[in-house]
Amino acid sequence: MPYLIAADVPQSSAGQRFRSLVQSGGIVQLPGTHNGMAALQAKAAGFKGLYLSGAAMSASMGLPDLGIITVDDVAFFIRQIARASGLPVVVDGDTGYGEVLNVMHMVRCFEDAGAGAVHIEDQILPKKCGHLNDKRLANARDMAAKVAAAARARRDLYLIARTDAAASEGLDGAVARAKLYVEAGADAIFPEALTSGEMFREFARRMGEVPLLANMTEFGRTPFFTASEFQDMGYRMVIWPVSSLRIANKAQANLFAALKRDGGAHNLVSEMQTRAELYELIGLKEYESLDASIVQTIVPEAS
């Protein structure tokens, strides 16, 4: 049943539910979902938490991932994904959209919109995708101040600090920054763009019991690993941030090419979600039943 009209709406906050997921053992698998439909499909596949990527949001708006989108833009995506699925969503908070006060504003807005967790990174603007070259890092203590501000502003939001330092400061620099961010109040650490299993394992060894998030993006610097392999290397969360958008974009490109080539979509019908499948996923019947149970025509009595 769709979350909006489900009878078992959770009473605890998204942040509390996400924290419980991380603490429940195993590795929390978080597919990227760039809109409400993707969120419904991921939930139907059995996932218990979701991820909202800044790169996917930007690309879905026709923009590059350079820190262009705003807090309000992201809150729109959070609301639709959290409302559609009812699952806790980990949100890409980029650099926090400014300095300390801006970070606090971001945390309040994201939590109000329904986010379960957020990560902020130690780049400076214009930020880049973590797997690109020439990223510029913030001063470690300036980043720690942002983490502390985020921790102060939240109610239950799970706070993940991302460090992009491995590329320019090596593993030693990334670990030193990560430990500083944990001291400042981060619940977990996201080491971005590690390039080998050895690096993942060594980072986890040095961080001890701190929960860690791994990024399994395609076409980046990280080799392919499965969720179970990341778990064996010491990681508690894994994201596939842009996979759903990439698949959807490729399918759309094929559709538009076929429309231009064939003058219609008749040759691609077998690759489409059917009307019945769509209506079942979005819960059309349940919404219609709910509407009928609430809205009833009352005939006015004659005067």
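Mentor: Helices (H or I, at least four residues) and strands (E, at least two) are DSSP runs, numbered from the N terminus. This is a predicted model, in which local features need pLDDT of at least 70, side-chain atom pairs count only at pLDDT 80 or more, and totals for chains, interfaces and linings use all residues. Residues are numbered from 1 along each chain as its sequence is written, and side-chain values use heavy atoms, with hydrogens and water left out.

Trainee: Okay, the sheet. What order do the strands of the open sheet have?

Mentor: Strands pair through backbone hydrogen bonds, either parallel or antiparallel. Here 5 strands run β2-β3-β4-β5-β6 with parallel pairing. At the edges sit β2 (50-52) and β6 (188-191), each pairing on one side only.

Trainee: And which residue stands opposite Ile-160 in β6?

Mentor: That's Ala-188. Strand β5 (residues 158-163) pairs with β6 over 4 bridges, in the parallel sense. Further in, β3 (residues 89-92) and β4 make a parallel pair over 3 bridges, with Val-91 opposite Val-118 in β4.

Trainee: Now helix packing. At roughly what angle do the axes of α2 and α11 cross?

Mentor: Two packed helices are described by the angle between their axes and the distance between the axes. For α2 (residues 36-44) and α11 (residues 275-282), the axes cross at roughly 85° and come within 10 Å. An axis is a line fitted to C-alpha atoms, for helices over the stretch in contact, and angles run from 0 to 180 degrees between N-to-C directions. So α2 and α11 are roughly perpendicular (65 to 115 degrees; under 35 is roughly parallel, over 145 roughly antiparallel, the rest oblique).

Trainee: Which residues make that contact?

Mentor: Met-37, Leu-40, Gln-41 and Ala-44 of α2 meet Leu-278, Leu-281 and Ile-282 of α11, contact being heavy atoms within 4.5 Å.

Trainee: Where does helix α6 lie?

Mentor: Helix α6 (residues 140-153) lies across β4 (117-121) and β5, at about 170° to β5.

Note on methods: Pairing = 2+ DSSP bridges.
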